[in-house]
Amino acid sequence: MRIAFLTAPEGVEQVELTEPWQAAKDAGHEPVLVSTQSGEIQGFNHLDKADTFPVDEVVGDTSADSFGGLVLPGGVANPDFLRTDAKAVAFVRDFFEQGRPVAAICHAPWTLVEADVVRGRTMTSWPSLRTDLRNAGATWVDEQVKVCDHGSNVLVTSRKPDDLKAFCETYLAEFAKAVG
């Protein structure tokens, strides 16, 4: 399965990109780094610059129908930037409209709020997003990983880097179910 990993040019929490990416590769999938600009993205370890990663495809030049699923890594700045980019928001919304699985961790649900796809969903996130998600119509829970299949697609969410092991195992299992 081709899995899109959508990030902004900078601000992604590096471990929330690299661990789910490696898990996808280890499971035999093809992770594809999608961003709003070509070139490279800048990863961060909290507020400190970390590694850079080459962009494979640019939002606006690709579409949801060329992927089996979408992973949204967190970091505070990453989803805040993505939610201000109309093409990125439309790209995310398309996965929901097409019934394709989506996984989001930490602050990444901010982009889902902007795409107006959380209404009626039960999900988790970094705790500071709780009010934003509730105001957007979601039910927020404080759980390591939450799977919600009450909607057009399966949605897997987790709270923080400490949840990555459970997040990776769960999103891969749910993506496999969604296509199989």
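These legends describe close-up views of a predicted model.

View 1. The UniProt record, in an unreviewed entry, lists residues 1–173 as "domain: DJ-1/PfpI". Over these residues the chain is 31% helix and 29% strand.

View 2. Thr62 sits in the loop between strand E6 (57–58) and strand E7 (69–72). Is Thr62 buried or exposed? Its relative accessibility is 15%, and the cut-off for buried is under 20%, so Thr62 counts as buried. The side chain of Thr62 makes a polar contact of 2.5 Å with the side chain of Glu57. Another polar contact, of 3.4 Å, links the side chains of Thr62 and Ser66. With neighbours within four places in sequence left aside, the residues in contact with Thr62 are Val34, Glu57, Phe67 and Phe91.

View 3. Helix H3 covers residues 86–97, 12 residues in total. From its first C-alpha to its last, H3 reaches 16 Å, close to the 16 Å expected at 1.5 Å a residue. Which residues of H3 are buried? They are Ala88, Val89, Phe91, Val92, Phe95 and Phe96. These residues lie on the same side of H3, because they cover an arc of only 160° around the axis. An α-helix has 3.6 residues a turn, so residues three or four places apart point the same way. Ala86, Lys87 and Glu97, on the other side of H3, are exposed.

**View 4. The ends of helix H3.** At the start of H3, a side-chain oxygen of Asp85 comes to within 3.1 Å of the backbone nitrogen of Lys87. After H3 comes Gly99, which has a positive phi, near 75°.

Notes: Residues are numbered from 1 along each chain as its sequence is written. This is a predicted model: local features need pLDDT of at least 70, side-chain atom pairs count only at pLDDT 80 or more; totals for chains, interfaces and linings use all residues. Side-chain values use heavy atoms; hydrogens and water are left out. Helices (H or I, at least four residues) and strands (E, at least two) are DSSP runs, numbered from the N terminus. Buried means under 20% relative accessible area, exposed over 50%, partly exposed in between (1.4 Å probe, protein chains only). A polar contact is a pair of N or O atoms within 3.5 Å; within protein, one must be able to donate a hydrogen and the other to accept it, and residues adjacent in sequence count only if both atoms are side-chain atoms. Contact means heavy atoms within 4.5 Å. UniProt positions are given in the numbering used here, feature names are shortened, and annotations may be inferred rather than shown by experiment. The expected span of a helix is 1.5 Å times one less than its number of residues. The arc is that of the directions from the helix axis to the C-beta atoms.
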